[in-house]
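Thanks for coming. I will go through one model, starting with its pocket and then turning to the helices.

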Amino acid sequence: MALVKSLRGWLFRQSDEMHSALAVGATACLVPALSHASPEMLAAANLTSMATQFGAQVYVAFVGGPTMFVNMKKTAFGDIQARLFPKFGMVGLSTGILSLASYNLAHKGSFDTCTYLLAGSLSVHLINSFFIFPLVTRLMFKLREAKEEEVPSARRNFGMTHGV
């Protein structure tokens, strides 16, 4: 039990980027199991992972985000988004890996348009999780701490990266 508590404590002390890397590693460990799956199971894995990714994107963009934006103070909204977006990125990374792997295995490694689209989607999630989300979060906190003369520059930097 002490080992579990120690491991849990270590995990909670890690950065969001480390959590994303762990999610990628854990998901990558599942990919070899897909090679033993039947075509029906590959199709189910692909559909489930793509539907999960799409559902998460729709919920964040059209339900959760707008509801919190309208009903929360700006700083509280920023704080909760800074905690939720890394989790959203982890879902995107994991589902992206599973979607690409299951599709590629089901189609015997052929590289068609769908393969490139799935790889592109996974690439966007990688960039968001490891570069964009951490950068936007850092710039948001810098904007909050900026002195009066630094606010226009800090606001411009945050706005440019937030729009990416």
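**Pocket and helix packing**

The largest pocket has a volume of about 850 Å³. A pocket here is found on a 1 Å grid over the protein atoms alone, as an open set of points where a 1.4 Å probe fits, with protein on both sides within 12 Å along at least five of seven lines. Lining residues have an atom within 4 Å of a point. Grid points are joined across faces, edges and corners, and the volume is the space filled by probe spheres set on the points.

There are 28 lining residues, and the closest to the pocket centre are Phe-77, Gln-81, Val-136, Phe-158 and His-162. Two or more residues each come from α3 (39-71), α4, α5 and α6 (151-162). The largest share, 10 residues, belongs to α5. By class, the lining has 16 nonpolar, nine polar and three charged residues. Nonpolar covers Ala, Val, Leu, Ile, Met, Phe, Trp, Tyr, Cys and Pro; charged covers Asp, Glu, Lys and Arg; the others, Gly among them, are polar.

Some housekeeping. This is a predicted model, in which local features need pLDDT of at least 70 and side-chain atom pairs count only at pLDDT 80 or more, while totals for chains, interfaces and linings use all residues. Residues are numbered from 1 along each chain as its sequence is written, and side-chain values use heavy atoms, with hydrogens and water left out.

Now the overall fold. The C-alpha trace spans about 60 × 45 × 25 Å along its principal axes. Of the 164 residues, 32% count as buried, meaning under 20% relative accessible area; exposed is over 50%, and partly exposed lies in between (1.4 Å probe, protein chains only).

How do α4 and α5 cross? The axes of α4 (residues 74-106) and α5 (residues 113-145) come within 9 Å, at roughly 160 degrees. That is why α4 counts as roughly antiparallel to α5. The axes are lines fitted to C-alpha atoms over the stretch in contact, with angles from 0 to 180 degrees between N-to-C directions. Under 35 degrees is roughly parallel, over 145 roughly antiparallel, 65 to 115 roughly perpendicular, and the rest oblique. The crossing of α4 with α5 is left-handed, that is, the near helix is turned anticlockwise from the far one by less than a right angle; clockwise would be right-handed. The contact of α4 with α5 has 18 nonpolar, 10 polar and three charged residues.

Helix α2 (residues 16-34) also comes within 9 Å of α4, axis to axis, crossing at roughly 20 degrees. The pair is therefore roughly parallel, and the α2 and α4 crossing is right-handed.

Phe-88 lies in α4 and is buried, at 17% relative accessible area. From Lys-87 to Glu-145, 58 residues apart along the chain, the C-alpha separation is 25 Å. Lys-108 sits in the loop between α4 and α5 and is exposed, at 74%. Phi of Lys-108 is near 55 degrees, a positive value in a residue other than glycine.

Technical notes: Helices (H or I, at least four residues) and strands (E, at least two) are DSSP runs, numbered from the N terminus.
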